[in-house]
Amino acid sequence: MYAIFDNGGKQYKACIGDLVKLEKLSGKVGDSVEFPIVLLSDDKGVQVAKEVAGLTVKAEIISEGKDKKIIVFKYKPKKNERKKQGHRQPYTMVKVTGIGAVSEDKTAAKKPAAKKPATTEKITATKAPAAKKATTAATAEKKPAAAKPAAAKTTTAKKPAAKKAE
């Protein structure tokens, strides 16, 4: 029996007892997480879509770490442009403890996505200063327009360059 589950826009195959390396999850070592099942294969055959709606894969976080280093080298010929970078992708190792259990709490299945409410708070916090900037821009437009034409006159009045005598 195995299941295909979805996490972070990727799908993973898992059997009970498997160790699976996932994208970085928010959680501590020892926490249990649930993921929604996309496909389930067992004695009854292959089940998808509405047949597996509500079923989850239960897993326990074993460890967190970083993958091996990859080198990103960007090069543009004839431009003397070279850029060398390294990158180590963070991951979370989980051990599958159960497959096909009915999810009691649907929010627990999306535990890694718990950061979304915090980001909406940041967005609303950043929108308030933007509104203040709009009001200051409106007051700036109310200033006398006499200063702008004066600046335009000084930039348009230029003297022609003098010719050199030979």
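Q: Are Phe 5 and Phe 35 buried or exposed in this structure?
A: The model is predicted, with local features requiring pLDDT of at least 70, side-chain atom pairs counting only at pLDDT 80 or more, and totals for chains, interfaces and linings using all residues. Residues are numbered from 1 along each chain as its sequence is written, and side-chain values use heavy atoms, with hydrogens and water left out. Buried means under 20% relative accessible area, exposed over 50%, and partly exposed in between (1.4 Å probe, protein chains only). By that rule, Phe 5 and Phe 35 are both buried.

Q: How do the rings of Phe 5 and Phe 35 count as a pair, and what is the angle between their planes?
A: Rings of Phe, Tyr and Trp (its six-membered ring) pair if their centres lie within 6.5 Å; planes under 30 degrees apart count as stacked, over 60 as edge-to-face and the rest as tilted. The whole structure holds two aromatic pairs. For Phe 5 and Phe 35 the centres are 5.0 Å apart, so the pair is stacked, with the planes at 25°.

Q: How many residues apart are Phe 5 and Phe 35?
A: Strands (E, at least two residues) and helices (H or I, at least four) are DSSP runs, numbered from the N terminus. Phe 5 lies in strand E1 (residues 2-7) and Phe 35 in strand E4, so the pair links distant parts of the chain. The separation is 30 residues.

Q: Which residues form one aromatic cluster?
A: The buried residues Phe 5 and Phe 35 both belong to the cluster.

Q: Which ring lies under the charged end of Lys 21?
A: A charge sits over a ring if NZ of Lys or CZ of Arg is within 6 Å of the ring centre and within 35 degrees of the ring normal. Lys 13 does this with Tyr 2, 4.4 Å from the ring centre. For Lys 21 the distance to the centre is 4.5 Å, and the ring is that of Tyr 91.

Q: How many salt bridges does the structure hold?
A: Side chains of opposite charge can pair when their charged atoms come close. The criterion for a salt bridge is a side-chain nitrogen of Lys or Arg within 4 Å of a carboxyl oxygen of Asp or Glu. The number of salt bridges in the structure is five.

Q: How many residues apart in sequence are the parts tied together by Glu 23 and Lys 10?
A: Glu 23 and Lys 10 meet in a salt bridge with an N to O distance of 3.1 Å. Glu 23 is in strand E3 (residues 19-23) and Lys 10 in strand E2 (residues 10-14), so the parts they tie together have a separation in sequence of 13 residues.

Q: Is Glu 34 buried or exposed?
A: Glu 34 forms a salt bridge with Lys 58, whose closest N and O atoms are 3.9 Å apart. The residues are 24 apart, with Lys 58 in strand E6 (residues 55-66) and Glu 34 in strand E4 (residues 32-42). Lys 58, at a relative accessible area of 28%, is partly exposed. Glu 34, at 14%, is buried.

Q: What is the relative accessibility of Lys 76?
A: Lys 76 forms a salt bridge with Glu 81, the closest N and O atoms being 3.8 Å apart. Glu 81 is partly exposed, with a relative accessible area of 42%. Lys 76 also counts as partly exposed, its relative accessibility being 46%.

Q: Which residue takes a positive phi in the hairpin of E7 and E8?
A: Two strands pair if DSSP finds at least two bridges between them. Strand E7 (residues 70-76) and strand E8 (residues 81-87) pair in the antiparallel sense over seven bridges, with Phe 73 opposite Lys 84 in E8. Four residues lie between these strands, and the one with a positive phi near 65° is Lys 78.

Q: Which residue in E5 is the bridge partner of Leu 39?
A: E4 and strand E5 (residues 45-48) run antiparallel, joined by four bridges. The hairpin between E4 and E5 passes through two residues. The partner of Leu 39 in E5 is Val 48.

Q: Which residues is Gln 47 in contact with, leaving aside neighbours within four places in sequence?
A: Gln 47 is found in strand E5 and counts as buried at 15% relative accessibility. Contact means heavy atoms within 4.5 Å. With those neighbours left aside, the contacts of Gln 47 are Val 38, Leu 39, Leu 40, Asp 42 and Val 52.

Q: What percentage of the residues of the protein chain count as buried?
A: The protein chain has three helices and nine strands. The chain has 166 residues, and the share counted as buried is 19%.
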